[in-house]
Amino acid sequence: MTGSDRPSALDPALAARLKRGADGLLPAIAQQYDTGEVLMLGWMDDEALHRTLTTGRCTYWSRSRQEYWVKGDTSGHIQLVKSVALDCDADTILVKVDQVGAACHTGDRTCFDADDLPLGP
């Protein structure tokens, strides 16, 4: 079942604007609302976006487990939603959050602080 096959309560007008991948998913970037720090990248389908917009907690679609997960339900490292925006092409979601605890499953604050790549000359 792809993301677009799963039932959703997302506003049909909003759903019509989204440009999803073949799997029905959109990348969702989580960013700390007050510092601009990029925390993580997750995946959302229509229902995950609907849940994120209506609950105030980030909900993602797990591609490996094929199920929804609310950030922090098991770890306690929750993401409280401050705002949600689409990029200009409506193919990426930006969720500004107040991150409580680590955003990365490794226990790091952000998923993007462990492996800086070298730049050319």
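In strand β2, the bridge partner of Pro27 is Trp43, and this pair belongs to a predicted model in which local features need pLDDT of at least 70 and side-chain atom pairs count only at pLDDT 80 or more, while totals for chains, interfaces and linings use all residues. Residues are numbered from 1 along each chain as its sequence is written, and side-chain values use heavy atoms, with hydrogens and water left out.

**Strands and hairpins**

- Strand β1 (residues 26–32) and β2 run antiparallel and are joined by six bridges; here strands (E, at least two residues) and helices (H or I, at least four) are DSSP runs numbered from the N terminus, and two strands pair if DSSP finds at least two bridges between them.
- The hairpin of β1 and β2 has five residues between the strands, and in this hairpin Gly36 takes a positive phi near 85 degrees.
- Strands β3 and β4 also pair in the antiparallel sense, over four bridges, and Thr59 has Val70 of β4 as its bridge partner.
- Four residues lie between β3 and β4 in their hairpin, where Gln66 in the turn has a positive phi of about 55 degrees.

**The largest pocket**

- The largest pocket has a volume of about 500 Å³, and of the 25 residues that line it, the closest to its centre are Met40, Trp69, Lys71, Ala103 and His105.
- A pocket is defined on a 1 Å grid over the protein atoms alone, as an open set of points where a 1.4 Å probe fits, with protein on both sides within 12 Å along at least five of seven lines, and lining residues have an atom within 4 Å of a point.
- The volume is the space filled by probe spheres set on the points, which are joined across faces, edges and corners.
- Strands β2 (38–44), β3 (59–62) and β4 (67–70) each supply at least two residues of the lining, and β2 gives the most, with four residues.
- By class, the lining has 12 nonpolar, nine polar and four charged residues, where Ala, Val, Leu, Ile, Met, Phe, Trp, Tyr, Cys and Pro count as nonpolar, Asp, Glu, Lys and Arg as charged, and the others, Gly among them, as polar.

**Salt bridges**

- The count comes to five salt bridges, each being a side-chain nitrogen of Lys or Arg within 4 Å of a carboxyl oxygen of Asp or Glu.
- In one of them, the side chains of Asp46 and Arg20 meet at 2.7 Å, N to O; Asp46 lies in helix α2 (residues 46–55) and Arg20 in the loop between α1 (12–17) and β1, so the pair ties together parts that are 26 residues apart in sequence.
- Asp46 counts as buried at 11% relative accessibility, whereas Arg20 counts as partly exposed at 27%; buried means under 20% relative accessible area, exposed over 50%, and partly exposed in between, with a 1.4 Å probe and protein chains only.
- Arg109 forms a salt bridge with Glu37, with the closest N and O atoms 3.1 Å apart, and this pair links distant parts of the chain, Arg109 being in the segment after β6 (93–99) and Glu37 in the loop between β1 and β2, 72 residues apart.
- Both residues of that pair are partly exposed, Arg109 with a relative accessible area of 32% and Glu37 with one of 27%.
- Arg57 forms a salt bridge with Asp73, the closest N and O atoms being 3.1 Å apart; Arg57 lies in the loop between α2 and β3 and Asp73 in the loop between β4 and β5 (79–86), so this pair ties together parts that are 16 residues apart in sequence.
- Arg57 is partly exposed, at 21% relative accessible area, whereas Asp73 is exposed, at 56%.

**Positions annotated in UniProt**

- The UniProt annotation "binding site", from an unreviewed entry, covers Cys88, Cys104 and Cys111; these residues are spread over 24 residues of sequence and also in space, up to 26.9 Å between C-alpha atoms.
- From this set, Cys104 and Cys111 are taken in by the lining of the largest pocket.
- Cys104 is found in the segment after β6 and is buried, with a relative accessible area of 9%.
- UniProt also places the feature "binding site" (unreviewed entry) at Asp87, Asp89 and Asp91; its positions are given in the numbering used here, feature names are shortened, and annotations may be inferred rather than shown by experiment.
- Asp89 lies in the loop between β5 and β6 and is partly exposed, at 39% relative accessible area; Asp91 has its place in the loop between β5 and β6 and is partly exposed, at 30%.
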